[in-house]
Amino acid sequence: MSEARKILILGATSAMARGTAAAFAARGDSLYLAGRDTDELTRLATDLSVRFSVTTHHGVVDIANTASHSAFVKQAATALGGLDGVILAAGYMADQADAATDFAIVERMVAVNYLGAMSVLDQCAALMAAEGQGFIVGISSVAGDRGRQSNYYYGSAKAGLTAYLSGLRNRLSSQGVHVMTVKPGFVDTAMTYGLKGMFLVASPEDIGRAIVRAVEKRRNTVYLPWFWRYIMLIIQHLPEFLFKRLKL
Amino acid sequence: MASAKKFLAGWGRYPVQECITWRPERASGLYLPTPMISRGQGRSYGDAALNENGNVVLTERVNRFLDFDSDSGELRAEAGVTLAEIIDVCLPRGWFLPVTPGTKFVSLGGCIAADVHGKNHHRDGAFSSAVESFSLIVADGTVLNCSRNENSDVFWATVGGMGLTGAIKDVSLRLRPVETARVIAKHQKAQDLEQAFTLLAEEDDSNEYTVAWIDCLARGRSLGRSVVMHGRHATAEELPASKSVLATGGRKVRTLPIDLPSFALNSVSVSLFNAIYYRREGGKQKSFVTDIDRYFYPLDSIHHWNRLYGKRGFVQYQCVLPINTIDTAFEGIKRILEQLSASRRASFLAVLKRLGPESGGLLSFPQSGYTLALDLPVRGKDLFAMLDRLDDIVVKAGGRVYLAKDARLGRDSFEAMYPRLSEWREVKQRIDPNNHFDSSMARRLGLTNE
């Protein structure tokens, strides 16, 4: 096994983050789990250390609270004794209909999925660029590839994140830091449980393992599972005059 | 958290009922403010983890290990952790479950709710004997710590309580040390029921675990013809030094992809299988080394083996007959086998086992005696009438039917079988007077609808 890396997981209490953390832990990496629910973070951290005999730390961070990010990232890197990788899994998807009637929900989605993500990743990027090594994984969404009437507040925030990650990758590539954009399709999480119209749903554990493999291969943008690349290729290339009439 | 309406069934796939399912990702979601029942891996056979048109909370993702001390074997974990996960994590470090049922795909919460037992019940008791304590989310959403010393009445109402006292959150249990992941097994043929009873009653170091497979189509003089299987954990000395003694090794897992047609298991095919099995397995009279998976969980190597019984499913009838005198149990089991054999019903799996003393769980199944388990396809008009007749035999003998397997027991028989029911009702009345925790089984047996 290669040397244990020091990895920060942001938004660690989601099912997808748990699957990803398990996949890194399975190869022996040390983890720092960050999120808002202290009790749950403690449970998750213990779980990973018992199952995989790895070192785990945890701490509270609110992705929407950008003012706290600088101190937080320093604290996490100190606890880990360095920073080799960051997984941004924090995300917030509210129901489109709820968001359409309450703009505070839209603001929250932008604050978490886009603004907060940029803020916290900027802090991590600065640290890693100074060291000249490491990787950043941003979990965006296929929802950001084209705005659809069923999910466009969330989708537009994720579109912003995708563009940010692309720019960050461009800037950091000369500084030894790799940036990977992940676009999951339907994953079997609390976000999708019971929703109608789900198909080919992937398990969070499979997504986690796929992320670890993609990091090894230094992929730039990965759709997970892979066939979503082609589904989205079709959706992105539908002519607008047709697309605008579809119930998507 | 969103819900999903689903048709659910237990492992026997009878009955099937529409339920509103919820699947929390963390322990705080185990409790709903509206009436509910928890469901772990859905391995109880009947309607214990069903709630027709009501809420069912799936605990499968609430499965975090919270502490494991590899020096003492003390483990704390969330109720959704399965025995398979515990074996994966703890066996390589030299610890095994002190009590395990015949499948490892069961949750900790389910093991407590059914107070499950294994092949060593006659020595080591039921699952609760390994449980130090647990926390229980009760009707108002508060959390109660339960152990033999703290809230002990709730502890004993929850052990075997089929999920009706609350939602089990975290469990502390004590594992047992093992030197290896291997088992030394030995089989003996028993030509009839009397010999099977004698062999099961033998106390010997080699039968830490013991169980008999019965050919229940054998009739007349061969009634009760069995293979008695003994086992014990192998010590490191007994294995070749080169082997990694705690490695579990991979085992090929197959999946039964479709329902077999309902005629696949009939008295001809089963008696043919039984004859071959009796000769082959009964011939292994010299002790042999096998591994934990093969020994304890033979059926786990075929995922969805319940499809063997076809779309209409099957019921498992498991009863225990106490040994007030050895004859009462013997005569009772004999009469049950005679009834079954006369009806030419093919039970593909039939198991006879000796059980030790009761655990203290107010609705726990095991009691000192002999237990018989039969898998019967749901087929033919008279199946349920025959099972009712078996209930009468069991009641008369002072025995009981195992709720974790049950899908059809009548309320009167149930009340006659569980003498500590009134004590259980007192606890239920005190901690959950409005039946926040309710299930299809509970309503059928009159546990929640007075």
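Q: Leaving aside neighbours within four places in sequence, what is B:Glu52 in contact with?
A: B:Glu52 is in contact with B:Gln17, B:Glu18, B:Cys19, B:Ser440 and B:Arg443, neighbours within four places in sequence left aside. Contact means heavy atoms within 4.5 Å.

Q: What ground rules apply here?
A: This is a predicted model, where local features need pLDDT of at least 70 and side-chain atom pairs count only at pLDDT 80 or more, while totals for chains, interfaces and linings use all residues. Residues are numbered from 1 along each chain as its sequence is written, chains are lettered from A and ligands numbered from 1 in the order in which they are written, and side-chain values use heavy atoms, with hydrogens and water left out.

Q: Back to B:Glu52. Where is it found?
A: B:Glu52 sits in the loop between β3 (36-39) and β4 (55-58) of chain B. Helices (H or I, at least four residues) and strands (E, at least two) are DSSP runs, numbered from the N terminus.

Q: How far apart are B:Glu52 and B:Ser440?
A: In sequence, 388 residues; in space, 6.1 Å from C-alpha to C-alpha.

Q: And what is the relative accessible area of B:Glu52?
A: B:Glu52 has 43%, so it is partly exposed. Buried means under 20% relative accessible area, exposed over 50%, and partly exposed in between (1.4 Å probe, protein chains only).

Q: How much area do chain A and chain B bury between them?
A: About 1800 Å², with 42% of it on carbon and sulfur atoms. Buried area is the accessible area (1.4 Å probe) that two parts lose on being put together, summed over both.

Q: What is the salt bridge count between chain A and chain B?
A: Seven. A salt bridge is a side-chain nitrogen of Lys or Arg within 4 Å of a carboxyl oxygen of Asp or Glu. Over all chains the structure holds 40.

Q: Which residue forms a salt bridge with B:Glu78?
A: A:Arg43, with the closest N and O atoms 2.7 Å apart. That pair crosses between chains, from strand β6 of chain B to helix α2 of chain A.

Q: Are B:Glu78 and A:Arg43 buried or exposed?
A: B:Glu78 is buried because its relative accessibility is 0%. A:Arg43 is buried as well, at 7%.

Q: Which residues are linked in that network of salt bridges?
A: The network joins A:Asp39, A:Glu40, A:Arg43, B:Arg64, B:Glu78 and B:Asp170.

Q: What does A:Arg51 form a salt bridge with?
A: B:Glu85, at 3.0 Å between the closest N and O atoms. B:Glu85 is among the buried residues of α1(B).

Q: How many of the eight residues of helix α1 (residues 83-90) of chain B are buried?
A: Seven, so the helix is largely enclosed by the rest of the structure. These buried residues pack against α2 (38-52) of chain A, and against β5 (65-69), β6 (74-78), β7 (95-96) and α2 (108-113) of chain B.

Q: New topic. How is chain B divided into domains?
A: Into domain 1 (65-178) and domain 2 (182-413). The bounds come from an automatic or database domain assignment. The C-alpha centres of the two domains of chain B lie 24 Å apart.

Q: How much do domain 1 and domain 2 of chain B bury between them?
A: About 2900 Å², 58% of it on carbon and sulfur atoms. In domain 1 of chain B, B:His117, B:Lys119 and B:His122 lose the most area to domain 2, together 26% of what that side buries. The contact involves 32 residues of domain 1 and 35 residues of domain 2 of chain B.

Q: How many salt bridges are found across that domain interface of chain B?
A: Two.

Q: What about A:Asp206 and A:Arg209: how far apart are their closest N and O atoms?
A: 2.8 Å, in a salt bridge. The two are three residues apart in helix α7 (residues 204-216) of chain A, so about one helical turn separates them. A:Asp206 counts as partly exposed at 42% relative accessibility, and A:Arg209 does at 43%.
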